[in-house]
Amino acid sequence: MEVSTKSAVRSPTFISIPRRTAKATRKSSQSWKAALLFLLIAGFFFILFIFMLFGTVLIGLFSEPPAQIDAGQWEVATGFPQAAQKYLPIYQEAGRKYGVPWPILAAIHKIETDFGRNLSVSSVGARGHMQFMDKTWLGWSFSGGTRLGDLPDHVNITDPDRIEEYGGYGVDADGDGRADPYNPVDAIHATAKYLAANHKPGDDWFKRGGAVWQYNHDYENYVLKVKQYAEAFARPVLSAAGSAAGSGQFLWPVPGGKVTSSFGYRFHPLKKVYRMHEGIDIGKELGAPILASDSGVVIESRKAEGYGWMIVIDHGNGYQTLYAHMEEKDVQVHAGQKVKKGQMIARVGSNGWSTGPHLHFEIRRNGQIINPEQVVKVHETLRK
């Protein structure tokens with residue numbers, strides 16, 4: 001019985017050895033096949049990647065380079081975001097129309113909605129591509145709404161006639177009959193309109209209390225961020241090469257025009273108060289030519305309170321000249337355009353705070369207002 005029992009015990013143990021060996025062999029075979037399959041798949045994708053890379057190189061070699069975009073007084077930076085490329089013509093058009101550097105518009109668009117990729121309404125009710133409050137868009141003279149300017153959804157803020165009635169900044173820039181904050185063309189032009197209305201000629205756009213600060217009062221986290229993006233998106237070309245560089249010798253801007261009001265404190269004929277007159281007035285008949293006093297680049301060409309339509313030329317040598325009281329229809333230059341000394345830029349008008357046809361002419365040196373008669377020789381026959 002003992003022998004039989006031991007044999008019974010050893011026999012299964014002996015037989016189990018080849019079963020384990022066969023199982024291990026099958027497992028090894030399966031692992032090898034899986035590894036081979038993995039290598040085949042990896043090789044396929046590697047070859048596909050090589051073909052795609054080679055095709056991209058060929059396209060780059062034989063395709064035509066993209067056309068250069070005319071950025072006016074600003075050169076588009078190489079790092080200008082791809083997502084903003086389709087909006088670039090809108091930034092530039094709005095900038096030219098309202099005399100606002102277009103990189104500022106692009107920077108605000110980036111900060112507000114990431115170039116339209118996040119159009120959700122803000123926690124306080126700002127909406128659209130450039131995040132306007134309803135009453136800023138429609139006009140603050142419209143009654144109702146919250147203290148911050150949010151209006152009920154049933155209020156129509158897209159009617160251009162209502163916007164004009166209530167004094168809002170909404171713009172129907174594409175002429176479709178609606179001023180829509182969710183339309184990028186309308187929204188970007190509205191932002192340019194707002195910035196222009198809050199910008200004083202010669203001021204820094206990014207100073208505390210300046211135009212961008214008026215858009216959002218957070219100087220550290222908003223205004224400086226707009227400036228950072230604007231400087232990254234484009235490079236200013238304020239002093240042009242060749243014929244557009246100022247000579248420093250200034251031409252009388254209205255041939256035959258006489259000085260009717262000098263630089264300095266005076267009794268304002270319309271405001272009826274004594275105030276600083278920051279330029280000289282040169283009287284001449286309506287439609288008389290206005291000439292660029294020196295060569296340079298037009299950095300502003302827009303309507304401004306009191307000035308009517310005005311033009312500012314940067315001469316690239318620390319000097320800027322300002323020309324005001326023209327009608328828009330008589331203006332022949334736009335922001336970003338190079339002009340030559342003596343080139344006709346507009347015609348004499350009587351737009352804005354004016355009692356008769358004349359040119360209001362200012363000169364700034366390194367940002368400071370100076371008496372134009374210090375640098376422009378005025379013949380005695382041209383004095384009143």
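**Reading the model step by step**

Analyst: Confidence in the chain is lowest in helix α1 (residues 2-62), where the mean is 55, and highest in α4, where it is 97. The value behind this is pLDDT, the predictor's confidence in each residue, from 0 to 100; helices (H or I, at least four residues) and strands (E, at least two) are DSSP runs, numbered from the N terminus. This is a predicted model, in which local features need pLDDT of at least 70 and side-chain atom pairs count only at pLDDT 80 or more, while totals for chains, interfaces and linings use all residues. Residues are numbered from 1 along each chain as its sequence is written, and side-chain values use heavy atoms, with hydrogens and water left out.

User: What is the mean pLDDT of the chain, and over which residues is the pLDDT below 50?

Analyst: The chain has a mean pLDDT of 82, with 79% of its residues at 70 or more. The pLDDT is below 50 over residues 1-18, a stretch that has zero contacts in the model beyond near neighbours in sequence, where contact means heavy atoms within 4.5 Å. Residues 56-72 also stay under 50, and for them the model has eight contacts beyond four places in sequence.

User: How many helices and strands does the chain have, and how many of its residues count as buried?

Analyst: The chain comes to eight helices and 14 strands. Of its 384 residues, 42% count as buried, that is, under 20% relative accessible area, with exposed meaning over 50% and partly exposed in between (1.4 Å probe, protein chains only). Among the chain's contacts with a separation of 6 or more, 60% join residues 24 or more positions apart.

User: How do I describe two helices that pack together?

Analyst: Two packed helices are described by the angle between their axes and by the distance between those axes. Here α2 (residues 88-98) packs with α6 (residues 184-197) at an angle of about 35°, the axes lying 9 Å apart; each axis is a line fitted to C-alpha atoms over the stretch in contact, and angles run from 0 to 180 degrees between N-to-C directions. The crossing of α2 and α6 is right-handed, a term used if the near helix is turned clockwise from the far one by less than a right angle, anticlockwise being left-handed.

User: Which residues in α2 and α6 meet?

Analyst: From α2 come Ile 90, Tyr 91, Glu 93, Ala 94, Lys 97 and Tyr 98, and from α6 Pro 184, Val 185, Ile 188, His 189, Ala 192, Lys 193 and Ala 196. By class, the contact of α2 with α6 has nine nonpolar, one polar and three charged residues, where Ala, Val, Leu, Ile, Met, Phe, Trp, Tyr, Cys and Pro count as nonpolar, Asp, Glu, Lys and Arg as charged, and the others, Gly among them, as polar. The buried residues of α2 include Ile 90, Tyr 91, Ala 94 and Tyr 98, and the buried residues of this helix pack against β1 (74-76), α3, α6 and β8. Just after α2, Gly 99 takes a positive phi of about 70°.

User: At roughly what angle do the axes of α3 and α6 cross?

Analyst: They cross at roughly 120° and come within 10 Å, in a right-handed crossing. Ile 104, Leu 105, Ile 108 and His 109 in α3 meet Ile 188, Thr 191, Ala 192 and Leu 195 in α6. The contact of α3 with α6 has six nonpolar, two polar and no charged residues.

User: How should I read a nonpolar core?

Analyst: In soluble globular proteins, nonpolar side chains tend to be buried together. A core here is a set of buried Ala, Val, Leu, Ile, Met, Phe, Trp, Tyr and Cys residues joined through side-chain atoms within 4.5 Å. The largest nonpolar core has 48 residues, and Tyr 91, Ile 104 and Leu 195 have the most contacts inside it. The elements giving it two or more residues are α2, α3 (102-113), α4 (134-138), α6, α7 (211-215) and α8 (219-233), and α6 gives the most, with eight residues. Beyond four places in sequence, Tyr 91 is in contact with residues including Phe 80, Trp 102, Phe 115 and Ile 188. A second, separate core of 28 residues includes Trp 309, Met 326, Val 339 and Leu 359.

User: Is Thr 113 buried or exposed?

Analyst: Thr 113 counts as buried because its relative accessibility is 2%, and its place is in helix α3. Met 276, by contrast, belongs to strand β5 (residues 274-277) and counts as partly exposed because its relative accessibility is 32%. Not counting residues up to four places away in sequence, Met 276 touches Phe 263, Gly 264 and Tyr 265.
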